[in-house]
Each structure stands twice: as C-alpha cells, then as structure tokens.
Amino acid sequence: MEVTPISKQRSVNRRSLLKGGLLAGGAALGAGLLSKGTSAFAQDDRQRLNSGDVAILRFLAAAELIESDLWTQYAELGGIGKNQPMEVDPTQTLNPYQTALSNLDGDGPQYIASNTLDEVSHANFINAYLESKGADPVDLKQFTTLPGSTATGSTDSPRLTNLMHLNVDTSWFTRYRSTTNPDFGATFPQAITLNNVPAIPISDADFDNVNHIQAIANIAAFHFGAIEQGGSSLYAAMSRKVSSEEVLEITLGIGGDEIAHFLEWVDFAGNGVQPTVAPFTDPILKLTFPNFFDPLNPQIQPSLIFPVPAEFIDPALPKCSTIRPLTDKFAGARAAFSGLTASGLFIGQSKEFFRTVQNLADDADAAVRRF
C-alpha cells in the first residue's frame with residue numbers, strides 16, 4: 001500500500017477564515033436505544049424535566065450515537081491523531097484514502113478526527129445529563145452488529161451503521177444556493193448522483209487505483225455535508241419544542257457546533273468538484289466528478305459556501321440567510337430518521353432497531369413547549 005508523508009500533502013485550503021473558528025458550537029445526528037418504560041424524575045422540582053424534554057433529549061442521544069458510530073469509521077480510515085485534535089504527529093504517513101481526503105483540504109484528516117471527537121462528546125453528555133435528571137439514558141449497543149470495512153486501519157469491530165452502500169442525498173448542496181425554502185414547498189435537484197456507493201474503502205483493494213480512492217473520498221465529502229446539515233436543522237427544530245431553559249441551552253449549544261461542522265464540509269465537498277481535483281472519472285464505480293465551474297452554474301457553484309438568503313417565516317418578508325428547513329415535516333426527528341434510512345445507512349439492521357428509533361422519533365416530534 002503506497003503512503004505519502006503528511007509533510008508533502010497538498011493543501012486546498014482556500015478559505016483560512018474557516019480555520020479561525022468563525023462559528024462556535026455544533027452537533028449532528030448520532031444514535032442510541034431508548035430504555036423501555038416511563039422515565040423516573042428527580043425529586044427536586046427544580047431539576048425535573050417534563051416528558052417532552054426527555055423525549056427530545058432521548059432522540060438526540062440516539063442521533064448522536066448513530067453519528068458517533070459512522071464518524072468513528074471515517075476516523076479509523078481517514079482521520080489522523082487518534083481522534084485527539086491537538087495530537088498530530090507530523091511524521092505520520094497517510095494511506096491513499098487519507099491522501100485523497102487531503103486533496104480536498106490539507107487538514108481534512110484532522111477535521112475528521114475532530115468531528116468524531118465532537119460527536120462522541122455530544123452522545124456522552126446528553127446521556128449523562130439525562131441520568132443526572134433521573135431519566136433513562138439511551139443505549140444502542142445491542143444493534144451494533146453490522147460488518148464494517150476490512151481495509152487496513154479499520155478495527156474490524158461490529159458497527160451500528162453501514163457506510164459501504166450509501167445513497168447520498170446531495171440536494172443540500174443546491175438547497176443552500178437557492179433563494180427558496182423547503183418549508184414552503186420548494187424542492188431541489190441533486191448536485192451529483194451518488195447511489196449505492198461506498199464512502200469508505202471496503203478493503204485494501206480500493207487503495208490501488210488513484211481515481212477510485214479519490215471518488216470514495218469525494219463521496220465521503222458529500223456525505224459529511226449531508227449528515228451535518230441534517231443535524232443543524234434537527235437541533236433547530238427540536239429547540240422550538242423545548243420547555244426547560246437548561247435543555248434549550250443544550251440544544252442551542254450543541255446545535256451551534258453542528259452548524260460549525262456543516263460549514264466546513266460545505267467547503268470540503270466543493271473542493272472535490274473543481275480543479276485541481278476535478279474533473280475525473282472512477283473506472284471502477286463508473287462515476288464522474290465534473291468541474292462545477294465549467295460551465296459556471298450558481299445553483300452548484302462551489303465557492304458559494306454560506307447559505308444564500310432565502311424565504312423565511314413569510315415569503316412576503318425580505319429574504320434572509322438561515323438554516324433550513326426548520327419545521328417538523330422536513331427537519332424533525334421522524335424526518336431525520338427517515339432521511340438516514342433512505343440513505344442506506346442502516347442496510348442490514350434489524351426490525352427491532354427500526355422500531356426502537358422510530359418510537360424515539362415519534363415521541364420527540366410529539367413534544368410540545370410548555371411554560
């Protein structure tokens with residue numbers, strides 16, 4: 001397997017502003033199994049959470065556990081520094097997948113490790129917070145049964161999610177470059193069609209062809225954006241239902257981190273569809289990544305990395321740049337789980353898994369803000 005010294009990696013960091021940490025906070029989707037039965041609340045009324053806030057936090061814990069699982073797989077094969085953001089060995093060599101990710105951004109492997117660390121912290125925190133309030137935490141360990149990659153770097157542990165047969169929804173890329181809003185019925189085309197494709201190398205054989213491993217890295221880049229934009233909308237939608245000020249602090253704080261992640265992956269994905277990476281064709285997947293600047297189309301323009309002002313609250317009002325969608329129909333718990341399921345992330349999972357997480361989603365969407 002050919003490796004490349006990290007010191008020789010080419011950086012495509014066109015926007016150093018992102019590296020300064022323009023945004024703070026954030027989270028994405030993860031996973032966890034809700035324990036059966038009614039939650040037991042603490043005796044102190046000041047610490048009590050109502051059933052709606054518990055339901056919201058339980059689904060978010062489940063979402064974060066799911067995301068922790070998928071990001072851990074990305075980190076094992078494409079990350080660097082053992083998921084410790086400040087521990088990077090400059091002499092470490094990169095495998096071909098890490099090199100391909102570095103072609104999109106020289107700091108890509110570090111970003112993956114850091115994003116993974118964030119998601120694990122979100123899942124751990126939400127579960128610990130639930131327990132501190134006398135509520136049941138969420139656990140999905142019984143569903144960690146799926147086979148993962150056998151490529152060098154993977155721990156070959158059983159997984160909760162499947163990253164090897166994804167249908168990546170890339171319409172988020174066009175949505176955030178549009179002046180219309182899905183909450184008002186707008187629909188958006190795919191930026192690029194990615195159906196039944198791997199986002200990680202399945203075996204060491206995937207390292208052998210330069211264009212093939214670059215295609216897998218590009219698929220991963222669009223999947224990163226799909227996951228994190230979904231989390232941005234989910235946390236915003238759940239925040240509208242929260243009753244407790246402290247729980248609102250949690251959803252806004254973690255939700256802000258989700259947005260920070262999303263913004264980085266918008267830029268990252270765009271680097272895979274412009275020179276010097278694109279255009280190219282993967283001879284194995286028969287998949288072409290074109291140069292999105294040729295011809296220039298604002299609907300998929302890679303350099304438009306911030307949300308374009310769009311319809312918000314009322315189409316009669318001036319357009320405003322926001323996270324979107326925000327409604328339960330498109331951004332709530334059921335919508336989030338439906339989108340993850342449609343992506344192929346749970347291929348091979350049991351019926352009990354789907355019932356468990358669907359029940360968590362139903363309970364979260366049923367929550368109502370109380371004063």
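**Note on side-chain pairs, backbone geometry and core**

1. Arginine 355 has a relative accessible area of 46% and is therefore partly exposed. The model under review is a predicted one. The partner of arginine 355 in a salt bridge is glutamate 352, with 2.9 Å between the closest N and O atoms. Glutamate 352 is likewise classed as partly exposed, at a relative accessible area of 31%. Both residues belong to helix H10, where they stand 3 residues apart, about one turn of the helix.

2. How many salt bridges does the structure hold? The total is 8. One of them joins aspartate 136 to arginine 58, whose side chains meet at 3.4 Å, N to O. This pair links distant parts of the chain, 78 residues apart: aspartate 136 is in the loop between H4 and E3, and arginine 58 is in helix H2 (residues 51-78). The two ends fall into separate accessibility classes: aspartate 136 is partly exposed at 23% relative accessibility, whereas arginine 58 is buried at 6%.

3. A further salt bridge is formed by arginine 334 and aspartate 365, with the closest N and O atoms 3.0 Å apart. Arginine 334 is part of helix H9 (residues 333-342) and aspartate 365 is part of helix H10 (residues 351-366), so this pair ties together parts that are 31 residues apart in sequence. The relative accessible area of arginine 334 is 39%, which makes this residue partly exposed; that of aspartate 365 is 7%, so aspartate 365 is buried. Salt bridges also bring in Asp362, and together Arg334, Asp362 and Asp365 make up a network.

4. The aromatic pairs come to 23. Among them is the pair of tyrosine 111 and tryptophan 265, whose geometry is edge-to-face, with 6.4 Å from centre to centre and 80 degrees between the planes. Which parts of the chain does this pair tie together? Tyrosine 111 comes from helix H4 (residues 108-132) and tryptophan 265 from helix H7 (residues 245-270), so the parts concerned are 154 residues apart in sequence. Tyrosine 111 and tryptophan 265 are both buried. The 6.4 Å separation falls within the 6.5 Å cut-off for ring centres, and the 80 degrees is over the 60 required for edge-to-face.

5. Tyr111 and Trp265 also belong to a cluster linked by ring pairs, together with Trp71, Tyr74, Phe224 and Phe268. The largest nonpolar core has 89 residues, and Phe224 is listed with Phe59, Tyr74, Tyr97, Leu194, Phe222 and Phe289 as touching the most other members.

6. An arginine is also found over an aromatic ring: the charged end of arginine 177 is placed over the ring of phenylalanine 173, at 3.6 Å from the ring centre.

7. Alanine 278 and proline 279 are joined by a bond with omega of about 5 degrees, and proline 279 is placed in the loop between H7 and strand E5 (280-282). The bond from arginine 324 to proline 325 is also cis, with omega near 5 degrees. Proline 325 is located in the loop between strand E6 (287-289) and helix H8 (328-331).

8. Positive phi values occur in residues other than glycine as well. As background, most residues other than glycine have a negative phi, and most peptide bonds are trans. For aspartate 156, phi is near 60 degrees. Aspartate 156 belongs to the loop between H4 and strand E3 (166-168). For isoleucine 313, phi is near 65 degrees. The loop between E6 and H8 holds isoleucine 313.

Key. Residues numbered from 1 in each chain as written. Predicted model: local features only at pLDDT ≥ 70, side-chain atom pairs only at ≥ 80, totals over all residues. Heavy atoms only, no water. Phe/Tyr/Trp six-rings, centres within 6.5 Å; stacked < 30°, edge-to-face > 60°. Helix = DSSP H or I, 4+ residues; strand = E, 2+ residues; numbered from the N terminus. Buried < 20%, exposed > 50% of the residue type's maximum accessible area, 1.4 Å probe, protein only. Lys NZ or Arg CZ within 6 Å of the ring centre and 35° of its normal. Salt bridge = Lys/Arg side-chain N within 4 Å of Asp/Glu carboxyl O. Core = buried A, V, L, I, M, F, W, Y, C linked by side-chain atoms within 4.5 Å.
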